[in-house]
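User: I am new to reading helices in a model. Could you take me through it step by step?

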Amino acid sequence: MIKVDSLKHTFTIGKKGKENRVEVLKGINFNIESKEIVAIVGKSGSGKSTLLQILAGFLKADSGSIIINNTEIAHFSEKESAAFRMNHFGFVFQNFQLLPGQTVFENIELPLKLKGIRQPVRKKKVQEILKKVGLMEVEDHYPNELSGGQQQRVAIARAMITNPPIILADEPTGSLDSQTEQDILLLIQQLNKNEGITFVIITHDEEVASIANRKLRMSDGFLVGGTKYAF
Ligand code: ADP
Ligand code: MG
(Lines give C-alpha, C1' and ligand atoms only; values in the text may rest on other atoms or scores of the structure.)
(Ligands and ions follow the chains in the order given, each with its own letter.)
Protein backbone atom coordinates (compact mmCIF):
# COMPACT_ATOMS: atom_id res chain seq x y z
CA MET A 1 0.00 0.00 0.00
CA ILE A 2 2.84 2.40 0.88
CA LYS A 3 6.30 1.98 -0.64
CA VAL A 4 8.98 4.53 0.20
CA ASP A 5 12.41 4.40 -1.42
CA SER A 6 15.60 6.44 -0.83
CA LEU A 7 13.73 9.38 0.70
CA LYS A 8 16.03 12.24 1.66
CA HIS A 9 15.38 15.60 3.28
CA THR A 10 17.61 18.37 4.61
CA PHE A 11 16.41 21.48 6.44
CA THR A 12 18.32 24.76 6.26
CA ILE A 13 18.03 26.36 9.69
CA GLY A 14 18.98 29.76 11.06
CA LYS A 15 19.90 33.25 9.93
CA LYS A 16 20.99 33.96 6.38
CA GLY A 17 24.76 33.81 6.11
CA LYS A 18 24.96 31.64 9.22
CA GLU A 19 22.66 28.80 8.13
CA ASN A 20 23.05 25.25 9.31
CA ARG A 21 22.05 22.33 7.17
CA VAL A 22 20.37 19.52 9.09
CA GLU A 23 20.16 16.25 7.21
CA VAL A 24 17.02 14.80 8.78
CA LEU A 25 16.18 11.95 6.38
CA LYS A 26 19.25 10.33 4.82
CA GLY A 27 17.64 7.62 2.68
CA ILE A 28 14.46 6.17 4.12
CA ASN A 29 13.13 2.85 2.79
CA PHE A 30 10.07 1.00 3.99
CA ASN A 31 6.88 -0.74 2.90
CA ILE A 32 3.52 -0.81 4.63
CA GLU A 33 0.94 -3.43 3.75
CA SER A 34 -2.78 -2.76 3.63
CA LYS A 35 -4.52 -3.20 7.01
CA GLU A 36 -1.32 -3.11 9.06
CA ILE A 37 -0.75 -1.01 12.16
CA VAL A 38 2.83 0.22 11.88
CA ALA A 39 4.58 2.21 14.58
CA ILE A 40 7.40 4.57 13.71
CA VAL A 41 9.43 5.11 16.86
CA GLY A 42 12.49 7.18 17.64
CA LYS A 43 13.64 9.89 19.97
CA SER A 44 12.48 13.47 19.81
CA GLY A 45 14.03 15.34 16.90
CA SER A 46 14.84 12.17 14.95
CA GLY A 47 12.65 13.19 12.00
CA LYS A 48 9.42 11.23 12.59
CA SER A 49 7.06 14.16 12.07
CA THR A 50 9.05 15.31 9.04
CA LEU A 51 8.57 11.87 7.48
CA LEU A 52 4.83 12.02 8.14
CA GLN A 53 4.55 15.53 6.67
CA ILE A 54 6.30 14.27 3.52
CA LEU A 55 4.09 11.16 3.26
CA ALA A 56 1.02 13.38 3.50
CA GLY A 57 2.34 15.77 0.85
CA PHE A 58 2.46 18.81 3.17
CA LEU A 59 6.22 18.94 2.64
CA LYS A 60 8.26 17.98 -0.47
CA ALA A 61 11.24 15.69 0.05
CA ASP A 62 14.54 16.64 -1.60
CA SER A 63 14.63 13.28 -3.38
CA GLY A 64 13.26 9.76 -3.33
CA SER A 65 10.10 7.91 -4.22
CA ILE A 66 6.75 7.54 -2.45
CA ILE A 67 4.31 5.11 -4.04
CA ILE A 68 0.85 4.86 -2.52
CA ASN A 69 -1.65 2.43 -4.04
CA ASN A 70 0.52 2.23 -7.17
CA THR A 71 0.70 6.01 -7.60
CA GLU A 72 4.01 7.89 -7.40
CA ILE A 73 3.23 11.00 -5.34
CA ALA A 74 6.70 12.40 -4.59
CA HIS A 75 6.58 14.85 -7.50
CA PHE A 76 2.96 15.96 -7.13
CA SER A 77 2.13 19.67 -7.29
CA GLU A 78 0.49 21.22 -4.21
CA LYS A 79 -2.91 20.92 -5.86
CA GLU A 80 -2.38 17.27 -6.78
CA SER A 81 -1.12 16.54 -3.23
CA ALA A 82 -4.19 18.15 -1.69
CA ALA A 83 -6.57 16.10 -3.84
CA PHE A 84 -4.66 12.87 -3.23
CA ARG A 85 -4.51 13.55 0.52
CA MET A 86 -8.27 14.09 0.72
CA ASN A 87 -8.93 10.65 -0.80
CA HIS A 88 -6.23 8.62 0.93
CA PHE A 89 -5.36 9.98 4.37
CA GLY A 90 -6.94 10.85 7.66
CA PHE A 91 -4.88 12.70 10.28
CA VAL A 92 -4.71 12.53 14.04
CA PHE A 93 -2.40 14.80 16.02
CA GLN A 94 -1.17 15.00 19.62
CA ASN A 95 -3.06 18.26 20.25
CA PHE A 96 -6.33 17.07 18.59
CA GLN A 97 -6.59 20.16 16.32
CA LEU A 98 -10.36 20.49 16.59
CA LEU A 99 -12.17 23.70 15.64
CA PRO A 100 -13.11 25.31 18.98
CA GLY A 101 -16.15 27.19 17.64
CA GLN A 102 -17.76 24.06 16.15
CA THR A 103 -19.61 21.29 17.94
CA VAL A 104 -18.52 17.65 17.94
CA PHE A 105 -21.02 16.96 15.15
CA GLU A 106 -19.80 19.92 13.08
CA ASN A 107 -16.12 19.03 13.55
CA ILE A 108 -16.72 15.49 12.32
CA GLU A 109 -18.96 16.64 9.47
CA LEU A 110 -16.47 19.17 8.07
CA PRO A 111 -14.48 16.89 5.68
CA LEU A 112 -17.79 15.77 4.10
CA LYS A 113 -18.84 19.40 3.61
CA LEU A 114 -15.50 20.14 1.93
CA LYS A 115 -16.15 17.20 -0.40
CA GLY A 116 -19.55 18.63 -1.32
CA ILE A 117 -21.59 15.78 0.22
CA ARG A 118 -25.27 16.66 0.76
CA GLN A 119 -26.64 17.35 4.25
CA PRO A 120 -28.87 14.26 4.70
CA VAL A 121 -26.01 11.97 3.67
CA ARG A 122 -23.63 13.85 5.99
CA LYS A 123 -25.98 13.51 8.92
CA LYS A 124 -26.36 9.75 8.47
CA LYS A 125 -22.61 9.26 8.10
CA VAL A 126 -21.76 11.35 11.19
CA GLN A 127 -24.36 9.47 13.29
CA GLU A 128 -22.78 6.14 12.24
CA ILE A 129 -19.30 7.30 13.17
CA LEU A 130 -20.41 8.81 16.50
CA LYS A 131 -21.65 5.35 17.42
CA LYS A 132 -18.39 3.66 16.33
CA VAL A 133 -16.20 5.95 18.46
CA GLY A 134 -18.62 6.18 21.40
CA LEU A 135 -19.55 9.88 21.29
CA MET A 136 -23.34 9.77 20.82
CA GLU A 137 -24.07 11.69 24.04
CA VAL A 138 -21.81 14.63 23.26
CA GLU A 139 -22.55 15.42 19.62
CA ASP A 140 -23.75 18.94 20.44
CA HIS A 141 -20.92 19.75 22.84
CA TYR A 142 -17.98 22.02 22.05
CA PRO A 143 -14.40 20.69 22.22
CA ASN A 144 -13.55 22.61 25.43
CA GLU A 145 -16.45 20.83 27.16
CA LEU A 146 -14.85 17.42 26.53
CA SER A 147 -12.08 15.40 28.20
CA GLY A 148 -8.81 14.88 26.31
CA GLY A 149 -9.81 11.32 25.46
CA GLN A 150 -13.16 12.45 24.08
CA GLN A 151 -11.46 15.17 22.03
CA GLN A 152 -9.12 12.60 20.51
CA ARG A 153 -12.14 10.40 19.69
CA VAL A 154 -13.64 13.36 17.82
CA ALA A 155 -10.36 13.80 15.92
CA ILE A 156 -10.33 10.09 15.02
CA ALA A 157 -13.96 10.27 13.90
CA ARG A 158 -13.17 13.29 11.73
CA ALA A 159 -10.13 11.48 10.29
CA MET A 160 -12.20 8.47 9.22
CA ILE A 161 -15.42 10.16 8.07
CA THR A 162 -14.39 10.14 4.38
CA ASN A 163 -13.32 6.46 4.57
CA PRO A 164 -9.62 7.04 3.88
CA PRO A 165 -7.67 3.76 3.62
CA ILE A 166 -4.83 5.15 5.78
CA ILE A 167 -4.77 7.14 9.02
CA LEU A 168 -1.52 8.90 9.91
CA ALA A 169 -1.33 9.58 13.65
CA ASP A 170 1.45 11.75 15.11
CA GLU A 171 1.83 11.03 18.85
CA PRO A 172 -1.94 10.39 19.13
CA THR A 173 -1.79 9.68 22.87
CA GLY A 174 0.96 12.17 23.72
CA SER A 175 -1.38 14.49 25.65
CA LEU A 176 -3.38 11.80 27.46
CA ASP A 177 -3.09 10.10 30.85
CA SER A 178 -2.22 6.41 30.81
CA GLN A 179 -5.78 5.05 31.25
CA THR A 180 -7.11 7.29 28.46
CA GLU A 181 -4.11 6.32 26.35
CA GLN A 182 -5.15 2.66 26.70
CA ASP A 183 -8.74 3.52 25.68
CA ILE A 184 -7.58 5.33 22.54
CA LEU A 185 -5.14 2.55 21.60
CA LEU A 186 -7.97 0.02 21.98
CA LEU A 187 -10.17 2.15 19.71
CA ILE A 188 -7.40 2.27 17.09
CA GLN A 189 -7.07 -1.53 17.22
CA GLN A 190 -10.85 -1.93 16.89
CA LEU A 191 -11.04 0.40 13.90
CA ASN A 192 -8.13 -1.42 12.28
CA LYS A 193 -9.83 -4.77 12.77
CA ASN A 194 -13.46 -3.83 12.05
CA GLU A 195 -13.03 -1.12 9.40
CA GLY A 196 -9.77 -2.34 7.84
CA ILE A 197 -8.07 1.03 8.25
CA THR A 198 -4.27 1.01 7.92
CA PHE A 199 -2.65 3.00 10.73
CA VAL A 200 0.78 4.61 10.77
CA ILE A 201 1.44 5.68 14.35
CA ILE A 202 4.33 7.93 15.22
CA THR A 203 5.41 7.71 18.82
CA HIS A 204 8.40 8.10 21.13
CA ASP A 205 6.67 5.69 23.56
CA GLU A 206 7.51 1.97 23.37
CA GLU A 207 4.26 1.00 25.10
CA VAL A 208 2.21 2.79 22.44
CA ALA A 209 4.33 1.10 19.76
CA SER A 210 3.57 -2.31 21.23
CA ILE A 211 0.01 -2.27 19.78
CA ALA A 212 1.47 -2.20 16.27
CA ASN A 213 1.92 -5.23 14.02
CA ARG A 214 5.35 -3.86 13.15
CA LYS A 215 7.74 -1.33 14.56
CA LEU A 216 10.15 0.76 12.48
CA ARG A 217 12.80 2.81 14.26
CA MET A 218 14.10 6.19 13.15
CA SER A 219 17.78 6.33 13.91
CA ASP A 220 20.39 8.76 12.58
CA GLY A 221 18.31 9.60 9.50
CA PHE A 222 17.50 6.01 8.60
CA LEU A 223 14.50 3.81 9.34
CA VAL A 224 15.51 0.40 10.64
CA GLY A 225 13.78 -2.76 11.81
CA GLY A 226 10.40 -4.12 10.95
CA THR A 227 10.02 -6.77 13.62
CA LYS A 228 6.64 -8.48 13.57
CA TYR A 229 5.02 -8.64 16.97
CA ALA A 230 3.46 -11.96 17.86
CA PHE A 231 -0.05 -11.68 19.28
P1 ADP B 1 10.43 14.27 15.63
O2 ADP B 1 9.03 14.31 15.13
O3 ADP B 1 11.05 12.92 15.53
O4 ADP B 1 10.55 14.82 17.02
P5 ADP B 1 10.94 16.32 13.63
O6 ADP B 1 10.66 15.68 12.33
O7 ADP B 1 9.89 17.22 14.18
O8 ADP B 1 11.34 15.21 14.70
O9 ADP B 1 12.27 17.17 13.52
C10 ADP B 1 13.48 16.62 13.04
C11 ADP B 1 14.54 17.71 12.89
O12 ADP B 1 14.17 18.58 11.84
C13 ADP B 1 14.71 18.59 14.12
O14 ADP B 1 16.08 18.85 14.25
C15 ADP B 1 13.94 19.84 13.79
O16 ADP B 1 14.51 20.94 14.41
C17 ADP B 1 14.10 19.92 12.28
N18 ADP B 1 12.90 20.54 11.65
C19 ADP B 1 11.65 20.04 11.66
N20 ADP B 1 10.79 20.81 10.98
C21 ADP B 1 11.54 21.86 10.51
C22 ADP B 1 11.24 23.02 9.72
N23 ADP B 1 10.01 23.23 9.24
N24 ADP B 1 12.25 23.86 9.44
C25 ADP B 1 13.49 23.62 9.87
N26 ADP B 1 13.83 22.56 10.62
C27 ADP B 1 12.88 21.68 10.94
MG1 MG C 1 7.30 14.86 16.11
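**Reading helices**

Just after H4, Gly 134 takes a positive phi of about 75°.

User: Where does this model come from?

Analyst: The model is predicted. Keep that in mind as we go.

User: What span should helix H4 have, and how far apart are its end C-alpha atoms?

Analyst: Count 1.5 Å a residue. H4 runs over residues 119-133, which is 15 residues, so it should span 21 Å. Its end C-alpha atoms are 21 Å apart, which agrees.

User: Which residues of H4 are buried?

Analyst: Val 126, Ile 129, Leu 130 and Val 133 are buried. Look down the axis of H4: the buried residues fall within an arc of 105°, so they line one face of the helix. On the other side, Pro 120, Val 121, Lys 124, Glu 128 and Lys 131 are exposed.

User: What do the buried residues of H4 pack against?

Analyst: They pack against three helices: H3 (104-114), H5 (148-160) and H6 (178-195).

User: How do I describe two packed helices?

Analyst: Use the angle between their axes and the distance between the axes. Now take H5 and H6. Their axes come within 10 Å and cross at roughly 20°. An angle under 35 degrees counts as roughly parallel, so H5 is roughly parallel to H6. Their crossing is right-handed.

User: Which residues meet between H5 and H6?

Analyst: On the H5 side are Gly 148, Gly 149, Gln 152, Arg 153, Ile 156 and Met 160. They meet Thr 180, Asp 183, Ile 184, Leu 187 and Leu 191 in H6.

Terms used. Residues numbered from 1 in each chain as written. Chains lettered and ligands numbered in written order. Predicted model: local features only at pLDDT ≥ 70, side-chain atom pairs only at ≥ 80, totals over all residues. Helix = DSSP H or I, 4+ residues; strand = E, 2+ residues; numbered from the N terminus. Expected span 1.5 Å × (residues − 1). Buried ≥ 20, exposed ≤ 12 C-beta atoms within 10 Å, placed from the backbone. Arc of directions from axis to C-beta. Contact = placed C-beta atoms within 7 Å. Axes fitted to C-alpha atoms, helices over the stretch in contact; angles between N-to-C directions. Parallel < 35°, antiparallel > 145°, perpendicular 65-115°, else oblique. Left-handed = near helix turned anticlockwise from the far one by under 90°.
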